[in-house]
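Subject: Structure for you to look at

Hello,

Here is the structure I said I would pass on. Please open it beside this email and follow along.

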Amino acid sequence: DNNINIDKLMICLSGQHEMVTDFSGFRNFFTLNFIAKPIYNAYLLSSRLFTDFLKYDGADENTFVLPTTDKNGKLSIMLTYCSKYFKEDIPEKQETLVLPDEVKGKKISVYCIDKENTNPYRLYQRNGYGENMSEEQIKILRKEGKIKPIKEFTAQSTEINLKLSANCVYLIVAE
């Protein structure tokens with residue numbers, strides 16, 4: 001009814017590809033050493049959306065915002081920033097998300113999946129890990145792959161500033 005552009009949240013897992021090393025296959029939730037991939041964490045974040053959709057104005061062609069609420073007034077907002085074909089050539093930008101007045105005084109949890117957060121593959125690349133990783137390296141990547149808030153605070157205002165980079169996913173929860 002709200003004409004929601006839901007294709008930005010679709011997860012396609014058809015045709016999973018066999019892995020021979022960590023990060024060699026795609027369309028899998030985990031690597032060979034059971035390191036969670038961003039696609040799995042995006043699924044986890046999506047599962048934290050509520051059932052009642054709220055209207056939102058102000059998103060552009062690369063920014064998709066899906067605000068939801070439950071019967072108890074909890075708020076959960078998914079935000080994605082990506083080009084039509086998920087290219088990485090869109091510029092980083094700052095976005096101010098304006099929340100309803102009811103969030104003041106509530107605990108806000110901000111989750112993010114991007115190149116810097118909750119992304120074991122990018123950490124694998126940055127650290128220069130190879131195919132034969134040590135147990136310690138695998139442990140570091142598993143920790144990176146665990147979904148966790150990048151920040152938590154009690155809302156004093158209704159605005160949250162976010163740094164958006166290509167193909168990022170945010171979940172903001174107000175409880």
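Below is what was found in it, starting with the whole chain and then going part by part.

This is a predicted model, in which local features need pLDDT of at least 70, side-chain atom pairs count only at pLDDT 80 or more, and totals for chains, interfaces and linings use all residues. Residues are numbered from 1 along each chain as its sequence is written, and side-chain values use heavy atoms, with hydrogens and water left out.

The whole chain

The chain has three helices and eight strands. Helices (H or I, at least four residues) and strands (E, at least two) are DSSP runs, numbered from the N terminus. Read from the N terminus, the order is α-β-β-β-β-β-α-α-β-β-β. Of the 175 residues, 41% are buried. Here buried means under 20% relative accessible area, exposed means over 50%, and partly exposed is in between (1.4 Å probe, protein chains only). Among contacts (heavy atoms within 4.5 Å) with a separation of 6 or more, 64% are between residues 24 or more positions apart.

Helix 3

Helix 3 covers residues 135–144, and Ile-138, Leu-141 and Glu-144 are buried in it. Seen down the helix axis, the buried residues fall within an arc of 120°, so they line one face of helix 3. That arc is taken from the directions from the helix axis to the C-beta atoms. The face turned away from the buried side carries the exposed residues Glu-135, Lys-139 and Lys-143. Helix 2 (120–126) is included in what covers the buried residues of helix 3.

Aromatic rings

The whole structure holds six aromatic pairs. Rings of Phe, Tyr and Trp (its six-membered ring) pair if their centres lie within 6.5 Å; planes under 30 degrees apart count as stacked, over 60 as edge-to-face, and the rest as tilted. Tyr-121 and Tyr-124 have ring centres 6.1 Å apart and planes at 20°, so this pair is stacked. Both lie in helix 2, three residues apart, about one turn of the helix. Tyr-121 is partly exposed at 33% relative accessibility, whereas Tyr-124 is buried at 13%. Tyr-124 also pairs with Tyr-129, edge-to-face, at 6.4 Å centre to centre and 80° between the planes. Tyr-129 is buried too, at 13% relative accessibility. Elsewhere, Phe-29, Phe-30, Phe-34, Tyr-40 and Tyr-43 form one aromatic cluster.

Cysteines

A disulfide is a covalent bond between the sulfur atoms of two cysteines. The rule used here is a pair of cysteine sulfur atoms within 2.5 Å, and by it the count is zero.

Regards
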